[in-house]
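Here are my notes for you, one point at a time. Keep the model open while you read, and click on each residue as it comes up.

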Amino acid sequence: MRISGWVFPGVLLWCVVLAAPSGALAVTIDNDKASNQAGFYSAQIGNAGEVANGTANAQVRVTDPGLVHQGIDIVYDYFSFINTGTGLRRLSGTTVSSAAALTGDDTVTSSGSFTGSGGNTINWTVRSAIASDGLQVRSVFTFTAATGTLGTLRLMQYLDQDVLGFSDD
């Protein structure tokens, strides 16, 4: 059987697209401790500062009296939602203009926009970081109106924490 030059690249491209992840890629940041050291903390941050099961997680190594727990997933899902008075939307589901990227020492930034309550464009930026020796991710959300005012805008967040593993819900 002969494969012509134009069919093979098409099949290869089709296979690559099927193998690519469907969600945004996450960026891993940590608190600058070695991964085998007590107090190590890392998180995979996606668009809009999300930590999502399947694409991202947060792990911590904690020291109990006489025990060290390695690679414990402590966050199952962490999402941010916006409400402009016309319904609830996941922030990462709005227009993303800059996908999650490392923008500084253990700092991830992403940005995008959505339509505000006045019909104008609202730009957003989320900057997530872990401080050296820190045990938490801090995310700063910035909203600016391209024209006019922000109008009605509520930011709500959802956290599903894995305290004792995935079966603790």
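1. Start with Lys-33, which counts as partly exposed because its relative accessibility is 23%. The cut-offs for these words, with a 1.4 Å probe and protein chains only, are under 20% relative accessible area for buried, over 50% for exposed, and partly exposed in between. Lys-33 forms a salt bridge with Asp-133, with 4.0 Å between the closest N and O atoms. A salt bridge here means a side-chain nitrogen of Lys or Arg within 4 Å of a carboxyl oxygen of Asp or Glu. Asp-133 has a relative accessible area of 54%, so it is exposed. The two partners are 100 residues apart: Lys-33 is in the loop between β1 and β2, and Asp-133 is in the loop between β9 and β10.

2. A word on what you're looking at: this is a predicted model, where local features need pLDDT of at least 70, side-chain atom pairs count only at pLDDT 80 or more, and totals for chains, interfaces and linings use all residues. Residues are numbered from 1 along each chain as its sequence is written, and side-chain values use heavy atoms, leaving out hydrogens and water.

3. How many salt bridges does a search of the whole structure find? It finds two. Besides the pair in point 1, Glu-50 forms one with Arg-90, and here the closest N and O atoms are 2.8 Å apart. This pair also links distant parts of the chain, 40 residues apart: Glu-50 is in the loop between β2 and β3 (51–52), while Arg-90 is in strand β6 (residues 88–90). Is Glu-50 buried or exposed? Glu-50 is buried, because its relative accessible area is 7%. Arg-90, at 33% relative accessibility, is partly exposed.

4. Now find the open sheet: four strands in the order β7-β8-β9-β10, with antiparallel pairing. Strands are DSSP runs (E, at least two residues) numbered from the N terminus, and two of them pair if DSSP finds at least two bridges between them. The edges are β7 (95–104) and β10 (138–145), each pairing on one side only. From one strand to the next, the twist averages 15°; the angles, on a scale from 0 to 180 degrees, are between N-to-C directions of axes fitted to C-alpha atoms.

5. Let's zoom in on the pairings in that sheet. β7 and β8 are joined by six bridges, and Thr-95 sits opposite Ser-113 in β8. These two strands make a hairpin with two residues between them, and Asp-106 in the turn has a positive phi of about 50°.

6. Ile-29 has Ala-43 in β2 as its bridge partner. Which residues of β1 are on its covered face? They are Val-27 and Ile-29, while Thr-28 and Asp-30 are on the uncovered one.

7. In soluble globular proteins, nonpolar side chains tend to be buried together. The largest nonpolar core here has 21 residues, and those touching the most other members include Ile-45, Trp-124 and Phe-141. Such a core is a set of buried Ala, Val, Leu, Ile, Met, Phe, Trp, Tyr and Cys residues joined through side-chain atoms within 4.5 Å. β5 (67–83) gives the largest share, four residues. Ile-45 is in contact (heavy atoms within 4.5 Å) with residues including Val-27, Ile-29, Glu-50, Val-108 and Ser-128.

8. Last stop: Ser-128, in strand β9. At 1% relative accessibility, Ser-128 counts as buried. A polar contact of 2.7 Å joins its side chain to that of Ser-139, which lies in strand β10. A polar contact is a pair of N or O atoms within 3.5 Å; within protein, one must be able to donate a hydrogen and the other to accept it, and residues adjacent in sequence count only if both atoms are side-chain atoms. Ser-139 is partly exposed, with a relative accessible area of 23%.

Conventions: Lists of a residue's contacts leave out its neighbours within four places in sequence.
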